[in-house]
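Please look through the sequence and the model before reading on.

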Amino acid sequence: MSDEYGVVKDTSLPLSQIRDRNASSIISSVLNIQKQAVTRENWLKSLECLYLVENNEEPSGKRRRVADGSVTTRGSKLLGRRYLNPVSNAAAERDYIAVSYTWDPSKEEKEAGDGCAGKYLVEPRRAGETALPSDVRDVVWRRVLNYANHVDCENIWIDRECIDQRNEAAQEEAIQSMHLVYSLSHCPIALLTCTIETEEELDLLANLIDGEIDSEDEEAVLTLLNKITSNYWWTRAWPFQEDYRASIRMNLLIPHRRDLEGRKLGAIDDRGQPLLGEVEGEIVIKSADFRTRATEFCLAYRKRSKDKEICDKILRTAPKYNVLLEEESDTPGFGSISRSMSPSILSDIVSRDIGKESDRLAIMANCCGYGTRLDTNFLNNDKSSLSLSILALYLLNGEIIENDPNKPGQGTLDDNIHEYLSKQSLSSFRPPVDERLTFIKNCRFIDPKLTLDGTETTGHLWKLGQVIRRRPMKLEKYVTLPPLERFATDLEYRTYGKSYSEMAVGLMSWLRSPVSPYRNKKPSRRWEWHILMTDYIEEALLEGKTLRLGCLVHPKHGAKDVPYTAIFVGDGNDDWEDETAEAYAFTSLRPVKHKSMVGIERHVSLEVEVKWPKEDAPEISSSALPKLYTKRWLNGLCLDELNIFEEPPTQPVLFPWPRTLTEKTSKATTD
């Protein structure tokens, strides 16, 4: 093991080699890392921004001018400081430009002689001190201030000046809250430095964004995309996070030759809107639009081209996840996307350059919306494995992995951390909404606790019973009842063999009661999941999918004589062919906290196999908990969670580890 300070970058190594080096099972090492878990709702207290001080204007607050009392010194311009609170809901507090750029000059900037700094002075943080030249390159300030003037936004956040680089505590807080800085900004921008040099390049870019590419131009478009995505900005890990968290608001600024200004302004879409922006000297395009068009083009072009390596390189550099994952999905026709994007995010973070390896953990947490973080100072001092720290972070935040030992195609210890999580992550999500990746992002265990035996979490366990197979319902002209109310009526009047009156009454109360959130035109976020599942079941009735009723398994009293109070939906009309086989479901739900900037809603709905504990198992140990093995994601509506019935108690359960994580090394080895 290296004597250098910091976590060990071992993300390219097979997990077996990391296990052997640590002389213990993977999960034993992960449990040691778990001790460094830190949970904090909001790292962002206030946001320091800069603004260009106009002539004769005092800097903000009680700050002083430069030493001689003037606003400018030897032709330099002064940038004052002010503080915003973007976590508040006030729109004005989010009116700032968050700048994404590289600290070091790019090849293009060096060649143009734009690597110098010093023409811009920055107001000191402490009164009485002299303003000092900014460490940010002059060309960066010129471009940012040019954009700020165009969009009429004077507040600018730029990490090198707005984070106290001499204060370790301030740096740590900034690292852990960087996702908020960019996601809350009204005007995030990224400064690319590759210049659009010709009319042909400009026209090709406009056609790409407009989705109108002639076949004879495809090779030239690929060359242009390769040029743009080869820019230094795309190779860095922090800009990746900044782009990802800014989402659809991030604008890419690409410089162009001055004599192309008129041609750029003439590039408009069918609605007369500019395709490439109107900022002088800059092409301005939405990063999300650029990545969508680039991903769609490369996926299509690589199927009929010899330039597959260039296409793959562009797809790795500037992917649009929803387009890419839908193409790679192995479940066509079911919303296509069925896996979490977290492993893909991890791969993109690990493949990019960074100054401090442990920062990758903060970037991963920021991108994936993780509330639980790791103390990187300890991990650096301990020279912990980066791979196992990533695995610990993944599991501590409730990400769901396959643990059924009989399911094929799972990860092995011959895989590196990215390969393992890509194979081991749950692959059967069934998002019932268009925003499929956002839905899957919320599918995580609540308050998971990692133990030697597995992940402990809490929720509700359901015994699956009556299977309902029926023809697709039709929306008939003279039938006034909507499908779900007709279904409730069928449950009441023995259409399916027995009368399930408790289920029918509860369902009708949820659908028709004047106080039901389902009837509220603007229900609170607490009920979003239940309303979504209600609509999903109604759609399943129209499609003729198999339904199955479930009764709650009480932690102490079991499921005997308990009425059905849940409905689950199969994938088609032939699910549960063996209706006599014992089957269970596990659900848990926690709505997002009110006004939370960090937390996300969590919901889990899985069909599971259950292994019950032995009667003599000690109550305080994991062996006393039901052991659950994931079979698949299973959407459904649980009426007990609607406060129609008495609120049921949750129960602790255990999801055992995949066998690979508990395998011990055959012998201790040392580096």
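A residue is called buried when its relative accessible area is under 20%, exposed when it is over 50%, and partly exposed in between, using a 1.4 Å probe and protein chains only. Helices (H or I, at least four residues) and strands (E, at least two) are DSSP runs, numbered from the N terminus. This is a predicted model, in which local features need pLDDT of at least 70 and side-chain atom pairs count only at pLDDT 80 or more, whereas totals for chains, interfaces and linings use all residues. Residues are numbered from 1 along each chain as its sequence is written, and side-chain values use heavy atoms, with hydrogens and water left out.

The expected span of a helix is 1.5 Å times one less than its number of residues, and α7, with 12 residues, reaches 16 Å from its first C-alpha to its last, close to the 16 Å expected. After α7 comes glycine 211, with a positive phi near 75°.

Leaving aside neighbours within four places in sequence, leucine 205 is in contact with Ile196, Leu224, Ile228, Leu276, Ile283, Ile285 and Phe290. A nonpolar core is a set of buried Ala, Val, Leu, Ile, Met, Phe, Trp, Tyr and Cys residues joined through side-chain atoms within 4.5 Å. The largest such core has 177 residues, and those touching the most other members are Trp157, Leu205, Phe290, Phe487 and Trp633. Helix α17 (residues 386-396) gives the most to this core, with 9 residues. Another core, of 11 residues, lies apart from it and includes Leu464, Leu552, Ala566 and Cys638.

Helix α17 also packs with helix α2 (residues 26-34), at an angle of about 75° and with the axes 9 Å apart; the axes are lines fitted to C-alpha atoms, for helices over the stretch in contact, and angles run from 0 to 180 degrees between N-to-C directions. The two helices are therefore roughly perpendicular, a term for angles of 65 to 115 degrees. In this packing, Ile26, Ile27, Ser29, Val30, Ile33 and Gln34 of α2 meet Leu388, Ser389, Leu391, Ala392, Leu395 and Leu396 of α17.

In the loop between α17 and α18 (417-424) sits glutamate 399, which is buried, with a relative accessible area of 5%. Apart from neighbours within four places in sequence, glutamate 399 is in contact with Ser340, Ser342, Tyr370, Tyr394, Arg444 and Phe445.

Helix α21 (residues 501-512) has Met503, Ala504, Gly506, Leu507, Trp510 and Leu511 buried, and what covers them includes α20 (483-492), α22 (528-543), β15 (564-569) and β19 (636-638). Aspartate 490 is found in α20, and its C-alpha is 8.2 Å from that of alanine 504, 14 residues away in sequence.

Two loop residues remain. Most residues other than glycine have a negative phi. Aspartate 447, in the loop between α19 (436-441) and β12 (449-450), has a positive phi of about 45° and counts as exposed at 54% relative accessibility.

Methods
Contact = heavy atoms within 4.5 Å. Parallel < 35°, antiparallel > 145°, perpendicular 65-115°, else oblique.
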